[in-house]
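Subject: Structure for you to look at

Hello,

Here is the structure I said I would pass on. Please open it beside this email and follow along as you read.

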Amino acid sequence: MNSHTQKITLLGEAGHIEALRDEPEGAPRGMAIVAHPHPLFGGTMDNKVVQTLARAFVQCGWTVVRFNFRGVGASAGSHDAGAGEARDFLRVVDQVALQGPLAIAGFSFGSFVASHALAELGLHRTIDKVVFVGTAAQRFTVAPIAPDLHDKTLVVHGEQDDTVSLASVMDWARPQSLPVTVVPGGDHFFHGQLPLLKNLVVRHLQG
């Protein structure tokens, strides 16, 4: 991604996890973990939305780790429908962010995975920021966001997302009274609107 991007190898329950670590200029504010979209539909840590999230966090002074789910790229194992991926997310946190400020982010299937990791993490540590984009609420049971995290959470969805309907995300968010930021005309991958997406995330992180 840039000269500060470093390839790292972490250990998950299925074996090695391929990951990338991006460092900001100066002392980092904390560690952000970013999860990628569905691996059976081409999702990887190099996805453009995932890279956009990483750039936003780095711009705001966060170190970012994004990793390939099991069976993707050089990560060992095979797809586990989200359960094993969530456990791997927790393993990543244990290895790179055992203490200090922590942010959780995910795109599409990655938001579903991150939501369940977040539910577990929230039981025993403070979460500083949460960013979910294109949250996969249509085909998966996304965990609710704890009420004390609502002010720290940004949920962004494209108005014309034909992969995950806006209605399904609203159905997930409504019982929680969790706000959703809707990008007019936006599709699932925010084609032509990645700068806007980045600006929304930066504004949230600086708030």
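Helix α1 (residues 48-59) packs against helix α5 (residues 194-206) at an angle of about 40°, and their axes are 9 Å apart. Those two values are given because two packed helices are described by the angle between their axes and the distance between the axes. The crossing of α1 and α5 is right-handed. Please keep in mind that this is a predicted model.

Which residues make the contact between α1 and α5? From α1 they are Lys48, Val49, Thr52, Leu53, Arg55, Ala56, Phe57 and Gln59. From α5 they are Leu194, Leu197, Lys198, Val201, Val202 and Leu205. By class, the contact of α1 with α5 has nine nonpolar, two polar and three charged residues.

**The sheet**

There is an open sheet of eight strands, with mixed pairing. Read across the sheet, the order is β1-β2-β4-β3-β5-β6-β7-β8. β1 (5-12) and β8 (181-183) are the edge strands, each pairing on one side only. From one strand to the next, the twist averages 20°.

β1 and β2 run antiparallel and are joined by eight bridges. A hairpin of two residues links β1 to β2. One place to look is Ile8, which stands opposite Ala19 in β2. β2 in turn pairs with β4, again in the antiparallel sense, over four bridges.

Do β7 and β8 run parallel or antiparallel? Strand β7 (residues 153-158) runs parallel to β8, and three bridges join them.

The largest pocket holds about 290 Å³ of space. It is lined by 15 residues, and those closest to its centre are His38, Phe41, Ser108, Thr163 and His188. The lining of the largest pocket divides into seven nonpolar, seven polar and one charged residues.

How much space lies in the second largest pocket? The figure is about 160 Å³. Its lining consists of Leu118, Ala119, Gly122, Arg125, Thr126, Ile127, Pro144, Ala146, Asp148, Leu149 and Lys152. By class, the lining of the second largest pocket has six nonpolar, two polar and three charged residues.

Regards

Technical notes
Residues are numbered from 1 along each chain as its sequence is written. This is a predicted model: local features need pLDDT of at least 70, side-chain atom pairs count only at pLDDT 80 or more; totals for chains, interfaces and linings use all residues. Side-chain values use heavy atoms; hydrogens and water are left out. Two strands pair if DSSP finds at least two bridges between them. Axes are lines fitted to C-alpha atoms, for helices over the stretch in contact, and angles run from 0 to 180 degrees between N-to-C directions. A crossing is left-handed if the near helix is turned anticlockwise from the far one by less than a right angle, and right-handed if clockwise. Contact means heavy atoms within 4.5 Å. Ala, Val, Leu, Ile, Met, Phe, Trp, Tyr, Cys and Pro count as nonpolar, Asp, Glu, Lys and Arg as charged, and the others, Gly among them, as polar. On a 1 Å grid over the protein atoms alone, a cavity is a set of points where a 1.4 Å probe fits but cannot get out, and a pocket is an open set with protein on both sides within 12 Å along at least five of seven lines; lining residues have an atom within 4 Å of a point. Grid points are joined across faces, edges and corners, and a volume is the space filled by probe spheres set on the points.
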